[in-house]
Amino acid sequence: MIETISPDLWEEARSLRPIVEAARDEAEALRRLPDSVGQAFTDRDIYRLLLPEDLGGRGLSPLCVFDLIEEVSTYDGSVGWNYAIGTNGGSMAGVMDQDLARELFADAEVATAGSGPPQGRAIAVEGGYRVSGTFAWASGVHQAKWVMGGCFVFDGAEMRKGPGGVPVVRHVLVPASDITILDSWKTGGMRGTGSTEFRLDDVFVPEQRAFMMFGAAPQHESPLYRLPTSYFGFGLTAVPLGIARATIAALRDLAAKKTPPPPRHGLSHQPFTQYVVAKADAMVEAARLGVRDAFERLWREVRDEGEASMEARARLRRASVHAVETSVEAVQMCYRAAGGTALFSDQPFERALRDVNAAAGHIVFQRAMMEDAGRVAMGLPPLLPMF
C-alpha cells in the first residue's frame with residue numbers, strides 16, 4: 001500500500017476547501033451534504049482511496065487517509081465526517097466476492113454509505129434474502145449509489161443461530177434506488193452529515209451481495225482486510241482533531257483582530273488567551289501523535305504477523321477515545337476564550353462546539369471503550385464485542 005501522500009493528492013484534498021466553505025450554510029439548512037460537495041467527493045475519487053490498486057483503487061494506507069480526513073475536517077466537521085465514511089467504503093471489498101468487488105468499484109461513482117449494527121431482518125430464500133427493516137446512522141446516504149445494512153438472518157420465523165447460540169448476522173448491499181430515506185436527522189451537531197435513517201421493505205438481495213462485514217475470513221490478501229474491529233473508528237478520530245485544530249486557528253485569528261477600547265489590551269495580549277492557544281495546541285498535537293503511534297504499532301503487527309494483539313487493540317482504542325475527549329476539551333477552552341464573540345452564528349466557535357460534542361457521542365468514542373481498554377490492561381477480556 002502507498003504509505004506517503006503525494007503533493008498532488010494533498011492539493012486534491014485542499015481543493016475541497018472553497019467548495020466546502022461556499023456550501024456550509026446550505027448543509028446546515030438541508031441537514032445533509034449539498035450536492036456540490038457530494039459531486040466534489042466523486043470527482044476526487046475519495047471512495048476508492050483505501051481500496052487496493054488491483055481492485056481499481058488508489059491503494060493508500062490508513063495512516064495516509066487519516067491525515068487527509070483531518071485536513072478536510074478543518075474545513076468543516078460534517079464534511080470531514082462524511083469524507084471519513086466515504087473513504088472507508090473500500091473496507092467492505094475485502095470481505096465480499098472479489099468479482100463483485102471489482103465490478104462494484106469499477107469507477108469513482110461507487111459512492112457508498114451504510115449502517116453497521118444489525119437492525120434489519122434478512123429472511124433466507126432461494127438465491128438470497130428478503131430484507132426489511134429500519135437502519136440508523138447512515139452518514140452520507142443522500143449521496144450514496146450503494147447502501148449497506150446489518151441484518152439478523154432468519155429461516156422463516158426462526159432466527160438463525162451460530163456456535164454458542166450467537167445470532168447469525170449478514171450485511172447486505174443494495175442499490176440506493178431500493179431504499180427509502182427517512183427524515184429523522186434533526187440534530188444540533190454534525191447536522192450536515194445527513195446521518196439519517198433509511199428503510200428497506202421486503203427487498204430481495206442476492207446471496208452474492210450478503211456478507212459478514214466483521215469476523216469473516218478476508219477474500220483479499222491486503223493487510224487492510226486483516227485489521228481487527230478496533231480499527232473501526234480510527235479514521236473518524238481524525239474528525240474531532242481537525243475540528244479542534246480549526247477552532248484553535250480561529251481563536252488566533254480572532255485575537256489578532258479583536259481590540260477593545262482603551263485602556264484594555266486586545267485579546268492577543270491577554271495571558272488567558274495566550275495560555276489557551278498554547279495549551280490547546282499542545283493537547284491536540286500530543287493526542288494526534290498518540291493515536292497515530294497506536295495505529296502504526298497495530299498496523300505493523302498486522303502486516304508482519306498477520307494479526308493484532310489484544311494489547312495493540314487496547315492501545316488504539318484508548319488513544320482514540322483520549323484524542324476525542326482532548327479535542328472536546330480544546331474546543332471548549334477556545335470557546336470560552338473567545339468571549340461573547342463565540343455566541344454568534346457567523347463565527348466558527350458555536351458550530352465547532354456542537355460538532356465536536358456530537359462526534360464524541362459515537363459508540364467508538366464512548367466511555368465504555370476506555371473502560372474495556374482498562375480491563376485489558378488488568379488482564380481481563382473486553383466486554384464489547386466490537387472491541
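First, the ground rules. This is a predicted model, in which local features need pLDDT of at least 70 and side-chain atom pairs count only at pLDDT 80 or more, while totals for chains, interfaces and linings use all residues. Residues are numbered from 1 along each chain as its sequence is written, and side-chain values use heavy atoms, with hydrogens and water left out.

Let me start with α5, residues 77–87. Helices here are DSSP runs of H or I with at least four residues, strands are runs of E with at least two, and both are numbered from the N terminus. How many of the residues of α5 are buried? Ten of the eleven are, so α5 is largely enclosed by the rest of the structure. Buried means under 20% relative accessible area, exposed means over 50%, and partly exposed is in between, with a 1.4 Å probe and protein chains only. The buried residues include Trp 81, Asn 82, Tyr 83 and Thr 87. The buried part of α5 packs against α1, α2, α3, α4, α7 and α10, where contact means heavy atoms within 4.5 Å.

At the start of α5, a side-chain oxygen of Asp 76 comes to within 3.0 Å of the backbone nitrogen of Ser 78. That is a polar contact, by which I mean a pair of N or O atoms within 3.5 Å; within protein, one must be able to donate a hydrogen and the other to accept it, and residues adjacent in sequence count only if both atoms are side-chain atoms.

Thr 87 also sits in α5, and it is buried at a relative accessible area of 1%. A polar atom of the Thr 87 side chain lies 3.0 Å from the backbone oxygen of Ala 84. Setting aside neighbours within four places in sequence, Thr 87 contacts Ile 46, Leu 49, Leu 50, Val 65 and Ile 69.

Now Tyr 83. Not counting residues up to four places away in sequence, Tyr 83 touches Ala 13, Leu 16, Phe 41, Ile 46, Leu 49, Leu 68, Ile 69 and Val 72. The largest nonpolar core has 99 residues, and Tyr 83 is listed with Phe 41, Leu 251 and Phe 295 as touching the most other members. A nonpolar core is a set of buried Ala, Val, Leu, Ile, Met, Phe, Trp, Tyr and Cys residues joined through side-chain atoms within 4.5 Å. Helix α9, residues 310–337, gives the most to this core, with 13 residues. There is a second, separate core of 20 residues, which includes Tyr 129, Val 131, Val 141 and Val 147.

On a 1 Å grid over the protein atoms alone, a cavity is a set of points where a 1.4 Å probe fits but cannot get out; a pocket is an open set with protein on both sides within 12 Å along at least five of seven lines; lining residues have an atom within 4 Å of a point. Points are joined across faces, edges and corners, and a volume is the space filled by probe spheres set on them.

The largest cavity has a volume of about 70 Å³. Which helix gives the most to its lining? That is α5, with three residues. The lining includes Phe 41, Asn 82, Ile 85 and Gly 86, and divides into five nonpolar, seven polar and no charged residues. Ala, Val, Leu, Ile, Met, Phe, Trp, Tyr, Cys and Pro count as nonpolar, Asp, Glu, Lys and Arg as charged, and the others, Gly among them, as polar.

The second largest cavity, about 50 Å³, has Tyr 83 in its lining, along with Glu 12 and Arg 44 among others. Its lining has six nonpolar, no polar and two charged residues, and α1 gives the most, with three.

The second largest pocket holds about 760 Å³. Of its 32 lining residues, Thr 74, Ala 246, Thr 247, Ala 250 and Pro 348 lie nearest the centre. Helix α7 supplies the largest share, ten residues.

Last, two loop residues. Asp 45, in the loop between α3 and α4, has a positive phi near 55 degrees and is buried at 13%. Met 190, in the loop between β6 and β7, has a positive phi of about 50 degrees and is buried at 5%.
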